[in-house]
Amino acid sequence: MTNFSYFKRIFHGQHLSSPKLLVLCSLSGGLIAYADSPSDVVGESKTSVNNQIETKRRKRVLVLGTGWAGTSFLKDLDISTYDVQVISPRNYFAFTPLLPSVTCGTVDARSIVEPIRNIIKKRDGEIKYWEAECLKVDHESKKVLCRSNIDSNLVGSNEFSLEYDYLVIAIGAQVNTFNTPGVLEHCHFLKEVEDAQRIRRTVIDCFEKAVIPGLTDEERKTNLHFVIVGGGPTGVEFAAELHDFVHEDLVNLYPSVKDLVSISVIQSGDHILNTFDERISSFAEEKFQRDAIQVLTGHRVLSVSERMIDMKAKSTGQNVSIPHGMVVWSTGVGTRPVVKDFMEQIGQGYRRVLATDEWLRVKGCDDVYALGDCATVDQRKIMEDISTIFEAADKDNSGTLTVEEFKEVIEDIIIRYPQVELYLKNKHLFDVTDLLKDVNGNDREEVDIEGFKLALSNVDKQMKSLPATAQVAAQQGAYLARCFNKREKSKIEPEGPRKFGSDGRHDFRPFQYRHLGQFAPLGGEQTAAELPGDWVSMGRSTQWLWYSIYASKQVSWRTRFLVVGDWSRRFMFGRDSSRI
């Protein structure tokens, strides 16, 4: 009876509180199965699955740019935990330090570029890439408006928008013309691979035009006068490469005009390579003098026309005009229009460059980060928090700070304010407690708030903006990738310094740039270098160090072999002078 009542409830449509399976055994040995699965249980199951899917939805990380910062970020990011999308108008990564070599055919343009799709396909996971330009960042709606620059004759719309949870701006910067008349119309730049290729074609054109019959010597000299505006590393290296190209290759192909070629470097400062050690700057100027490269220091360019460049000598105040066949403008970088528009949205319109905090997060935006040349790290001054630091260190609230109390917080202070370490180094202070000594250098067991302020009053003078170099951008990209990889773990186990003025610690240590040295190739197989530890090296041996480091820093084995092959080809056969 019990079984019959059970079957009766089933066939009369009465739902059971839980799913059940009924198995009937027939006389012939067959099986008849009946399963009861209530609709409410199914509904609950679907809801649970949907909740799990929503919970597991990966955060969208949108990266703008495939330069040093963007590529370094993509290579180190754990893409298994994020939905990564990349937007860039160029579908490759370029090893920009070798652009001066491309201008003269020492290295081929394709040898220093790696397709971005080759880089991302090596990662375990999917990274979506679209070849397009970012037109606008809508901070409020977390959207980015993009436009493809691919041939408009193809079907389909070129404009589209993308949403993001985290935005990484790494689009670099544009050339800074300082609003000098005629620069955009009559000067070459050296920021992109296409710029280097155009310069190379123009150099060949100048020589081909100079040997045409019927020109006067003055016209030939004008066509063969190459002017570089800017005495920084890029301008100096290009001048050296051009000198070698002319005197090692082109004079043999154009012997009739070999005595008419001239190269000039215009620098507004008192010395070229003024960011390097003084010994390197002097060595470079002496080297250029031996090579008959004219260095015009203390001259500011006023305007550039099709055949003349006007400048003002600071020493005399007189205006000087010189003819030219080609001008290369290499005087620094400026902010791109799309970044300027974004700065207006977030209240940074008064700045010249996008500002981030020490964790590379754009100030005023929790989910937007900026790397490389398009941004600057706005390091917080220690004097802005000096009272808060004193209160945190003064555990017994005595109004004075003992040496032991100071030692307990100094590590966090150095991490949070890296200018403290620079100050200690520059003042040759080997013990941090030396900061608490009085004006006569005597030890003090304790200091009050005024004495503490006086001890650290000069620390902030050590603050310097980071240079707009590939080295900085690459380190920032790798740092931000590590932060993203540890984002969840750091919420439980923060690794940063303590928060002065509040409880707890920062999730991550602030970004700290490690200067690994810099090179300045000067032509004639001679290079100058600043190396870690305040070492300075100059000469032919440094050139071979330059070869080895630049080869090892290539982004792939393919480009590494191509670059070394180009160097070997140049040694054996010289540079190619065809206009391609």
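Reader: Why is His428 called exposed?

Author: Exposed means a relative accessible area over 50%, buried means under 20%, and partly exposed lies in between, with a 1.4 Å probe and protein chains only. His428 has a relative accessible area of 60%, so it is called exposed. His428 is found in the loop between α14 and β25, where helices (H or I, at least four residues) and strands (E, at least two) are DSSP runs numbered from the N terminus.

Reader: What should I know about where these values come from?

Author: This is a predicted model, in which local features need pLDDT of at least 70 and side-chain atom pairs count only at pLDDT 80 or more, while totals for chains, interfaces and linings use all residues. Residues are numbered from 1 along each chain as its sequence is written, and side-chain values use heavy atoms, with hydrogens and water left out.

Reader: What makes the phi of His428 worth a remark?

Author: Most residues other than glycine have a negative phi. The phi of His428, however, is near 55°, a positive value in a residue other than glycine. Leu273 also has a positive value, with phi near 50°.

Reader: Is Leu273 buried or exposed?

Author: Leu273 has a relative accessible area of 0%, and therefore it is buried. Leu273 lies in the loop between β14 (262-267) and α10 (278-290).

Reader: What makes Glu445, Glu446, Asp448 and Glu450 a patch of negative charge?

Author: Patches are made of residues with over 30% relative accessible area and no salt bridge, like charges being joined within 9 Å and nonpolar side chains (Val, Leu, Ile, Met, Phe, Trp, Tyr) within 5 Å. Asp and Glu count as negative, Lys and Arg as positive, while His and the chain ends are not counted. Glu445, Glu446, Asp448 and Glu450 gather on the surface in such a negative patch. Glu445 has a relative accessible area of 72%, so it is exposed, and it lies in the loop between α14 (419-426) and β25 (446-448).

Reader: Which residues make the nonpolar surface patch?

Author: Trp544, Phe571, Met572 and Phe573 make this patch of about 550 Å², the areas coming from the Shrake-Rupley method with a 1.4 Å probe. Helix α19 (residues 557-573) gives the most to the patch, with three residues, whereas Trp544 has its place in helix α18 (residues 540-552). Trp544 has a relative accessibility of 54%, so it counts as exposed.

Reader: How do you know that Glu192 and Arg90 form a salt bridge?

Author: A salt bridge is a side-chain nitrogen of Lys or Arg within 4 Å of a carboxyl oxygen of Asp or Glu. In the pair of Glu192 and Arg90, the closest N and O atoms are 2.5 Å apart, and this is a salt bridge. Glu192 lies in the loop between α6 (183-186) and α7 (193-210) and Arg90 in the loop between β4 (82-88) and β5 (92-94), so the pair ties together parts that are 102 residues apart in sequence. Glu192 has a relative accessibility of 23% and therefore counts as partly exposed, whereas Arg90, at 17%, is buried.

Reader: How does the radius of gyration of the protein chain stand against that of a compact globule?

Author: The radius of gyration is taken over C-alpha atoms, and the globule rule is 2.2 Å times the number of residues to the power 0.38. A compact globule of 580 residues would have a value near 25 Å, but the protein chain has 32 Å. Its C-alpha atoms fill a box of roughly 120 × 75 × 45 Å along the principal axes.

Definitions and conventions: Charge placed at Lys NZ, Arg CZ, Asp CG, Glu CD.
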